Amino acid sequence: MKVAISSDHGGNNLRKEITNLLTELEIEYTDYGPDSGDSVDYPDYAVPVANAVVEGKADRGILICGTGIGMSISANKVKGIRCALVHDVFSAKATRGHNDSNIIAMGERVIGPGLAREIVSTWLETEFEGGRHERRIEKMMKLEEN
């Protein structure tokens, strides 16, 4: 598995924590920055991760900002992305199992590093359940055609 990861200035510290986790789990990743703590615009960092997932350069993506909201909205503007804003382990598991999410967004100002590590680990380990959920995802993705 290969993961694309990015944050804005509000998510830099948590991004570093998650890249450490990915290294510990021996998961290959590409870090799309930013390289400093200077204020940046989250769409400029969400879109490259979303594009990497859509283009097959990464299997999944992780986005982090202060709340996760701006990143998730930005990523979901890219056709083919199912980005879920997640702040608990149950939602991380459900969004993979039921929604086949290909990106998660989290907020550094909302959750701490320990919980973030649990969320990411659960999300990466959980497989899509398929079955009745496939029909729902097909309907959801057709909305992009409107």
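Modeller: Let's start with Arg60, which is found in strand 3 (residues 60–65); strands are DSSP runs of E with at least two residues, helices runs of H or I with at least four, both numbered from the N terminus. This is a predicted model, where local features need pLDDT of at least 70 and side-chain atom pairs count only at pLDDT 80 or more, while totals for chains, interfaces and linings use all residues. Residues are numbered from 1 along each chain as its sequence is written, and side-chain values use heavy atoms, leaving out hydrogens and water.

Colleague: Why is Arg60 said to have no salt bridge?

Modeller: A salt bridge is a side-chain nitrogen of Lys or Arg within 4 Å of a carboxyl oxygen of Asp or Glu. The nearest side chain of opposite charge, Glu127, is 4.8 Å away, so Arg60 has none.

Colleague: What lies 2.7 Å from a polar atom of the Arg60 side chain?

Modeller: That is the backbone oxygen of Trp123.

Colleague: Which residues of helix 6 are buried?

Modeller: In helix 6 (residues 132–142), they are His133, Ile137 and Met141; buried means under 20% relative accessible area, exposed over 50%, partly exposed in between (1.4 Å probe, protein chains only).

Colleague: How do you know that they are on the same side of helix 6?

Modeller: They cover an arc of only 70° around the axis, which puts them on the same side; the arc is that of the directions from the helix axis to the C-beta atoms. The face turned away from the buried side carries the exposed residues Glu138, Lys139 and Lys142.

Key:
Lys and Arg count as positive and Asp and Glu as negative; His and the chain ends are not counted. A polar contact is a pair of N or O atoms within 3.5 Å; within protein, one must be able to donate a hydrogen and the other to accept it, and residues adjacent in sequence count only if both atoms are side-chain atoms.
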